[in-house]
Amino acid sequence: MLTRRVLQLFVGLAMYGLSLALFIRAGLGLDPWDVFHQGVAGRTGLSIGMVVVIASFVVLLLWIPLRQKPGFGTLANAVLVGVFADVGLALIPVFSHLGGQIVMLVGAVVLNGIATACYIGARFGPGPRDGLMTGLARRTGWSVRIARTLIEVVVLGIGWLLGGSVGVGTVVYALAIGPLVHLLLPWFMVPAPVKEAVAPESRGRDALRS
């Protein structure tokens with residue numbers, strides 16, 4: 001089971017990075033966090049993958065006041081998504097034809113949904129940005145939806161001001177990713193270990209009674 005979980009985690013993170021590259025090559029708009037990453041990359045001259053890695057560790061610093069604890073999957077997410085985003089950008093060509101762009105956008109959304117279900121289902125801890133959302137919700141008493149909306153509106157606005165790509169792909173991602181992950185997650189969720197419902201000493205007492 002551990003081998004499956006580790007393999008699923010790494011495959012999921014690789015697909016997540018590749019889905020980011022597909023979004024960028026589609027040229028029709030990015031999800032909120034990647035609008036921010038692209039904007040920072042354009043201003044600094046860093047690759048977008050490097051920006052993703054740096055931003056991930058900055059976000060992890062924000063976990064400290066929220067008393068969030070990273071897991072193995074959290075740290076793997078912080079490093080590998082950016083690495084595979086740069087790999088994907090090196091391999092995937094730019095499409096200037098609208099039909100190709102639309103196909104690439106749909107592929108990016110679907111691949112991102114599968115990737116998200118994979119790494120969440122592996123149960124190695126949330127990604128840095130997901131943990132920020134859930135930690136903020138827990139500490140403030142807000143709903144997860146409010147926390148996520150607030151965070152994504154802020155990063156989307158900053159990214160747009162920095163020159164990140166906002167477009168139809170941003171809207172498609174926002175509308176599709178939640179239902180898609182909800183649909184796919186049961187297929188990729190690794191079952192948690194089953195704990196014995198009755199403690200050994202309780203079984204012993206029951207045996208003596210009989």
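The dialogue below works through how some features of this predicted model get their labels.

Student: Which share of the contacts in the protein between residues at least 6 apart in sequence joins residues at least 24 apart?

Tutor: That share is 81%. As for the surface, the protein exposes about 11,400 Å², of which carbon and sulfur atoms supply 72%.

Student: Why is the pair of Tyr16 and Tyr119 called edge-to-face?

Tutor: The search of the whole structure finds five aromatic pairs, and in this one the ring centres of Tyr16 and Tyr119 are 6.0 Å apart with the planes at 70°.

Student: How do you know whether Tyr16 and Tyr119 are buried or exposed?

Tutor: Buried means under 20% relative accessible area. Tyr16, at 18% relative accessibility, therefore counts as buried, and Tyr119, with a relative accessible area of 5%, is buried by that cut-off too.

Student: How is the pair of Phe72 and Phe124 classed, and why?

Tutor: The ring centres of Phe72 and Phe124 are 5.4 Å apart and their planes stand at 75°, so the pair is edge-to-face. Phe72 belongs to helix α4 (residues 72-91) and Phe124 to the loop between α5 and α6 (128-140), so this pair ties together parts that are 52 residues apart in sequence. Phe10, Phe72 and Phe124 form one aromatic cluster.

Student: Why is Phe72 called partly exposed, and what is Phe124 called?

Tutor: Partly exposed covers what lies between the 20% limit for buried and the 50% limit for exposed, so Phe72, at 43% relative accessibility, counts as partly exposed. Phe124, at 14% relative accessibility, counts as buried.

Student: What makes Ile64 exposed?

Tutor: Exposed means over 50% relative accessible area, and Ile64, which is found in helix α3, has 60%, so it is exposed. The C-alpha atoms of Ile64 and Gly135, 71 residues apart along the chain, are separated by 9.8 Å.

Student: How do you know whether Ser19 is buried or exposed?

Tutor: Ser19 lies in helix α1 and has a relative accessible area of 0%, so it is buried. Not counting residues up to four places away in sequence, Ser19 touches Ala108, Leu111 and Asn112.

Student: How is the packing of helices α2 and α3 described?

Tutor: The axes of helix α2 (residues 32-44) and helix α3 (residues 48-66) come within 9 Å and cross at roughly 115°, and α2 passes α3 in a right-handed crossing. The residues that meet include Trp33 and Val40 in α2 and Ile48 and Val59 in α3. By type, the residues of this contact divide into eight nonpolar, three polar and one charged.

Methods. Residues are numbered from 1 along each chain as its sequence is written. This is a predicted model: local features need pLDDT of at least 70, side-chain atom pairs count only at pLDDT 80 or more; totals for chains, interfaces and linings use all residues. Side-chain values use heavy atoms; hydrogens and water are left out. Axes are lines fitted to C-alpha atoms, for helices over the stretch in contact, and angles run from 0 to 180 degrees between N-to-C directions. Helices (H or I, at least four residues) and strands (E, at least two) are DSSP runs, numbered from the N terminus. A crossing is left-handed if the near helix is turned anticlockwise from the far one by less than a right angle, and right-handed if clockwise. Contact means heavy atoms within 4.5 Å. Ala, Val, Leu, Ile, Met, Phe, Trp, Tyr, Cys and Pro count as nonpolar, Asp, Glu, Lys and Arg as charged, and the others, Gly among them, as polar. Accessible areas come from the Shrake-Rupley method with a 1.4 Å probe; for residues, only the protein chains shown count as cover. Rings of Phe, Tyr and Trp (its six-membered ring) pair if their centres lie within 6.5 Å; planes under 30 degrees apart count as stacked, over 60 as edge-to-face and the rest as tilted. Buried means under 20% relative accessible area, exposed over 50%, partly exposed in between (1.4 Å probe, protein chains only).
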